[in-house]
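Student: Hi, could we go through this one together? I'd like to ask things as they come up.

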Amino acid sequence: MRVSQFFLSTLKESPADAEVISHQLMLRAGMIRRLAAGLYTWMPMGLRTLRKVENIIREEMNKSGAIEVLMPSIQPAELWQESERWDQYGPELLRIHDRHDREFCYGPTHEEVITDFVRKEIRSYKQLPINFYQIQTKFRDEIRPRFGVMRAREFSMKDAYSFHLNKECLERTYQVMFTTYQNIFTRLGLEFRAVEADTGSIGGNASHEFHVLAESGEDAIAFSNQSDYAANVELAPVYKPHNTTDTQSQANLEKIATPDQHSIEDVCNFLKIKADQVIKTLVVKGSSSPLVALVVRGDHELNAVKAQKLPDVADPIEFASEKEIQEELGCKPGSIGPLKLNCPVLIDHAATALKDFVCGANEDGFHMKGANWQRDFENFDETTSVDIRKIVEGDPSPDGKGTVQIKRGIEVGHIFQLGDKYSQALKASVLGDDSKEQILTMGCYGIGVTRVVAAAIEQNFDEYGIIWPQAIAPFEISLIPINMKKSTQVQKACERLYEEIKQKAIEILFDDRDLRVGLLFKDHELIGIPHRIVVSDRGLDNGMIEYKGRTDKEAQQISIDNIVDFVEEKIKNSKSN
């Protein structure tokens, strides 16, 4: 492609509202342009990369045996009312009316639509298992769309849905999709990890997220330093430490004044102790009692996802207000402690291992010092010890191999074992081999296609611009002439190279603009094309062409007779790595 016949529109500076590097570079490289909050036009350069991502996903999904369909983006309210998600989904669901005042929504996901399709089309167990997928535009009315296409309101997604007679069959397809996702992200050239995850609002049983590793990632992921274990920190279990008894403790329990000391930091500074010697007591709404106290070590963070799953805690989890705490427990939140507290108390495993600790005295302005569980907490037993904190770096790995490291990741894919949540609600069934109706079991498998593009940039960039993985670069090689308008020799050499490289089925961008070479170099480094060749009179006089890879520190001179074979081999090697 000649730049003179293409549309290339780069920016020297990042727009002020571009917060993350992928948003900045996608705007500067002429990949996207903003239409409105969370709405973007994909320009020719960006669309080339987006289509490459789609094609890799499509090829691997087809290899897995999944069948492509295309469902409407506008969905009738009746389906969502059948699944009871019309009211549950919340304001992110964009609700609209047609001219007949019938209710519809712009689909943020397609569980209802595909389940309706299957209940009408699949009648026999002999047609199962079956896995349908699509690459489709979605819309979620984010309250605060940000980070460019990373969290846009309109986005492209690959979603697949499988249907089965039983859980065993679902698990087999789930494993096929797990492997398929690994193949997809490997082919995309991304450093990624699959992690155990919470099923969230979609529901279901088992779940894995696929994260592209990047320092800017929104999610924290716990890794073992000695195994393949990885999980979202919200899901990674923390097991009870050994020897948590405190029978040898000698400190006396003492009530001490802590005026105006409310936070863990305040108390630690006032008493000149470390946070791991203090416990904090958080009060939430209970499922069968008005309030429940959740106790964690002062240096640890409550894991709301874990806590919400406890039978005593209301679902969804909701923290009690200061007024509710004062009315029920008789003091303000900053002085709450577990000893003689008038509500159920659940203690994190790590907190149960503490001896001679500090906690709130349940009296404003006072704390207890030298507290010990078995001596001072009358209800302490195995049932009060639970896992309710976020795992931290240095903890033992949950699989028993090594210790935990924490890295940041950008979620780009998510697979679920849905079970029968939607098939039961929409009565999607088939005739089994006993001629009886049987409700189907479902799996769900999504990839944020537009998000993959942004995540790839967040993982691969430098001070000059984007560094594309070979497989999804908009072009494979740049051809840059120096003073072509003034040199017949350079012009003829470029035209010949351009045609020869195209004949090799290599995607080449020939920059035939009449600009200073420094500006051409800056544009091509910004765009991130993996390979670059430069043609100049000086080089041609010596029979040489300059080659430089996007991440190479120095350029190298290659014989003009060998340059085409050389770049072909370079591209081939880049694709195989």
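Student: Leaving aside neighbours within four places in sequence, which residues is Lys-575 in contact with?

Tutor: Lys-575 touches Gln-470 and Glu-476, where contact means heavy atoms within 4.5 Å. Keep in mind that this is a predicted model, in which local features need pLDDT of at least 70 and side-chain atom pairs count only at pLDDT 80 or more, while totals for chains, interfaces and linings use all residues. Residues are numbered from 1 along each chain as its sequence is written, and side-chain values use heavy atoms, with hydrogens and water left out.

Student: Where is Lys-575 found?

Tutor: In helix α17, residues 563–576. Helices (H or I, at least four residues) and strands (E, at least two) are DSSP runs, numbered from the N terminus.

Student: Is Lys-575 buried or exposed?

Tutor: Its relative accessibility is 53%, so Lys-575 counts as exposed. The cut-offs are under 20% relative accessible area for buried, over 50% for exposed and partly exposed in between, with a 1.4 Å probe and protein chains only.

Student: And how far apart are Lys-575 and Ile-347 in space?

Tutor: They are 52 Å apart, C-alpha to C-alpha, with a sequence separation of 228 residues.

Student: New topic: at what angle do α1 and α13 pack?

Tutor: About 105°, with the axes of α1 (residues 21–28) and α13 (residues 449–459) 8 Å apart. Axes are lines fitted to C-alpha atoms, for helices over the stretch in contact, and angles run from 0 to 180 degrees between N-to-C directions. The two helices are therefore roughly perpendicular, a label for angles of 65 to 115 degrees; under 35 is roughly parallel, over 145 roughly antiparallel and the rest oblique.

Student: Which residues make that contact?

Tutor: From α1, Ile-21, Ser-22, Leu-25 and Met-26; from α13, Val-453, Ala-454, Ile-457 and Glu-458.

Student: Which residues touch the most other members of the largest nonpolar core?

Tutor: Met-26, Met-31, Tyr-181, Phe-185, Leu-188 and Trp-468, out of 53 residues. Such a core is a set of buried Ala, Val, Leu, Ile, Met, Phe, Trp, Tyr and Cys residues joined through side-chain atoms within 4.5 Å. A second, separate core has 26 residues, including Tyr-89 and Met-442.

Student: What about the whole chain: how many helices and strands?

Tutor: There are 17 helices and 30 strands. Of the 577 residues, 53% count as buried, and the C-alpha trace spans about 95 × 70 × 50 Å along its principal axes.
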